[in-house]
Amino acid sequence: AALLWGAILLACSCGPGPPRVGAAPLLAATYVLDDANGLGREFDGIGAVSGGGATSRLLVNYQEPYRSEILDYLFKPNFGASLHILKVEIGGDAQSTDGTEPSHMHYENDENYFRGYEWWLMKEAKKRNPKIKLIGLPWAFPGWIGKGENWPYDYPDITAYYIVSWILGAKQYHDLDIDYIGIWNERAFSSKYIKLLRYTLDKHGLEQVRIIASDRLWEPISFVMMIDSELHGVVDVIGAHYPGTKTVQNAILTGKKLWSSEDYSTFNNDVGAGCWARILNQNYVNGNMTATIAWNLVASYYEELPFGRCALMTAQEPWSGHYKVESPIWITAHTTQFTQPGWSYLQVDGHLEGGGSFVALTDGLGNLTIIIETMSHNHSKCIRPPLPNFNVIPQRATFYLRGSFYMVQTLQVWHSRLDFESGNSSLFQQLHPLQVWRGRFSLDLNVDEVYTLTTLKTGWKCGYPEPPPPQPFPSIYSDDFNIRNPPFSEAPNFADQTGVFEYFVNASDPGDHVFTLRQVVVQRPITWVSDADQTISVIGNFKWVNMTVTCDIYIEKPRDGGVFIAGRVDNGGIYVRDSKGVFFWVFADGTYRVTGDLAGKEILMKGLAGVRDNAWHTLTLNIQGNSASGLLNGYPLWENVTVSKPGNGWAALGTRSFEFAQFDNFHIE
């Protein structure tokens with residue numbers, strides 16, 4: 001038998017990794033791969049989510065060539081992660097984890113298919129891989145859809161019209177074909193709405209768009225599909241989130257495709273890579289799932305927001321150009337570079353005797369890919385659900401190739417070893433090909449390893465030169481928003497946490513404020529989490545302590561309108577309601593306030609300012625140590641306000657309520 005003992009790494013053009021020394025195996029077992037009695041389920045691919053929410057926010061303002069390099073590592077076939085599926089948020093103007101994403105219809109009579117960055121991202125993915133599958137899913141909806149209720153199903157025809165408009169807009173304005181559409185992320189589904197969505201899709205010639213439901217748990221959707229034949233007829237895929245590699249009997253009985261439509265969500269170090277390696281195999285081995293989709297694609301949001309760096313790679317410094325291809329990218333490659341949607345799994349048990357798992361896939365044309373993982377319990381914990389105990393030991397696995405694979409003589413070998421002792425992991429290295437003797441080969445497996453054995457010779461690991469070193473956010477930063485045809489609707493580096501702040505052309509202004517930043521959400525959305533009652537966008541370095549923030553402001557709402565600038569803001573994302581900091585507010589009634597929180601409950605100072613609506617004013621907030629002061633139009637308005645905590649945080653701007661307001665000439669030191 002051909003044994004793979006201490007195989008020496010091939011020196012590919014990117015340089016060799018360390019040689020691997022095989023340990024003495026403790027256990028030997030045999031496994032048969034055979035297609036004579038037919039194949040298993042059809043493989044649907046490996047993917048990742050952009051959004052849910054605002055996870056790709058900082059990616060768009062990377063300079064070239066770095067931005068294209070990041071996109072290549074994610075989407076370019078046979079290069080890096082080579083993803084098969086891209087799932088994006090259908091922006092709903094509301095907080096959806098790490099920020100808000102803009103809707104294509106802020107208001108009932110409004111349609112704009114150039115907001116945000118998901119259109120751009122889908123086009124960049126398609127440019128690299130024309131075969132990539134696209135999925136759209138809403139987390140939240142603009143308020144007008146619920147007519148004042150925090151619920152999208154009271155007027156299901158309106159909701160269906162809204163979602164179908166997004167799909168039609170993707171095609172009309174970006175030539176993007178959406179392959180799958182979801183219902184409402186991790187929230188209730190409505191059978192009536194799902195049926196109406198299918199009807200509306202078909203009515204608009206979108207028969208090819210498939211429906212995924214319900215992006216939550218296996219139940220109750222599976223049970224309802226079993227008793228409602230019409231619903232069963234319109235749902236194409238049952239998508240569950242964080243299934244822990246398990247499914248339920250009802251889901252299997254539906255006969256539908258089963259997907260882990262959101263998974264992973266784990267910090268992208270080597271433990272995150274171990275989690276990802278384990279579930280990529282075991283979602284099929286234990287749960288019959290034929291697609292696994294990671295939240296999230298790329299960590300392009302401020303790291304101190306919730307779930308910082310819970311992504312396949314990290315690109316959170318557009319100001320420096322620094323990014324990092326983390327180990328989960330190369331774990332992904334073990335599957336994606338050697339399979340395609342439309343391949344089939346072989347019918348195998350898939351559990352290794354010494355712990356770990358394997359899957360085998362074929363294109364039906366003679367090609368065979370085997371992926372083996374031996375991740376140990378403590379080195380493969382995902383963020384959720386809790387992982388029951390199990391043991392993995394070194395082992396020798398002997399495989400017998402039967403049926404049409406009996407004639408295979410050579411398998412290419414790709415190997416990763418996650419090294420938690422030295423931290424010196426070896427990722428996606430090509431080893432010497434493995435000779436198969438009379439349909440048989442053996443492999444010595446250590447703990448925390450991934451192997452791909454394949455008839456394909458297309459695997460590739462090289463990449464780009466090291467990006468620039470990391471740098472903190474610039475300590476002096478300005479934006480006058482003077483851009484006539486912006487490539488994106490939002491100003492760089494501002495991370496909206498409630499509300500949506502967009503470039504605005506102020507046609508009626510003859511002077512210095514033609515180009516501004518405007519808050520445009522004027523009705524509380526149908527929320528996914530508890531958005532604040534105020535709108536807020538954060539920017540800068542979370543570690544900032546002392547700072548001066550200056551901004552021109554324009555209140556549009558008479559009587560009870562108001563705006564703020566802030567520093568040391570300590571919270572965002574799903575925790576935005578609890579944000580503390582130093583907030584300097586001015587109101588249309590002529591008053592001002594200084595508060596220690598976004599909610600405005602902790603009042604540090606208040607008085608008269610003489611500010612009015614529909615006029616420009618300049619606010620300056622200065623925070624030094626335990627003291628803060630504020631200027632209005634260059635003159636001191638308040639000073640010597642004592643601020644104790646938080647001790648650091650972002651700068652921010654925003655409004656008192658969901659109201660129009662404008663900002664200009666933002667400056668921070």
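The model is predicted: local features need pLDDT of at least 70 and side-chain atom pairs count only at pLDDT 80 or more, while totals for chains, interfaces and linings use all residues. Residues are numbered from 1 along each chain as its sequence is written, and side-chain values use heavy atoms, with hydrogens and water left out.

The structure holds 46 aromatic pairs. Rings of Phe, Tyr and Trp (its six-membered ring) pair if their centres lie within 6.5 Å; planes under 30 degrees apart count as stacked, over 60 as edge-to-face and the rest as tilted. Y31 and F358 form an edge-to-face pair, with 5.3 Å between centres and 65 degrees between planes. This pair links distant parts of the chain, since Y31 is in strand β1 (residues 28-33) and F358 is in strand β14 (residues 357-362), 327 residues apart. Both Y31 and F358 are buried (under 20% relative accessible area; exposed is over 50% and partly exposed in between, with a 1.4 Å probe and protein chains only).

The ring centres of F542 and W650 are 4.7 Å apart and their planes are at 65 degrees, so this pair is edge-to-face. F542 is in the loop between β25 (535-539) and β26 (547-555), and W650 is in strand β34 (residues 650-655), 108 residues apart. F542 is buried at 18% relative accessible area, and W650 is buried at 1%.

The largest nonpolar core has 180 residues, and those with the most contacts inside it are F75, L86, I181, I194, L197 and F666. Such a core is a set of buried Ala, Val, Leu, Ile, Met, Phe, Trp, Tyr and Cys residues joined through side-chain atoms within 4.5 Å. Domain 1 (43-318) and domain 2 (477-668) both give residues to this core, so it lies between them; the domain bounds come from an automatic or database domain assignment. Leaving out residues up to four places away in sequence, F75 touches S82, L83, L86, L121, A125, R128, N129, I132 and L297 (contact means heavy atoms within 4.5 Å). A second, separate core of 25 residues includes L346, A360, V436 and L443.

Technical notes
Helices (H or I, at least four residues) and strands (E, at least two) are DSSP runs, numbered from the N terminus.
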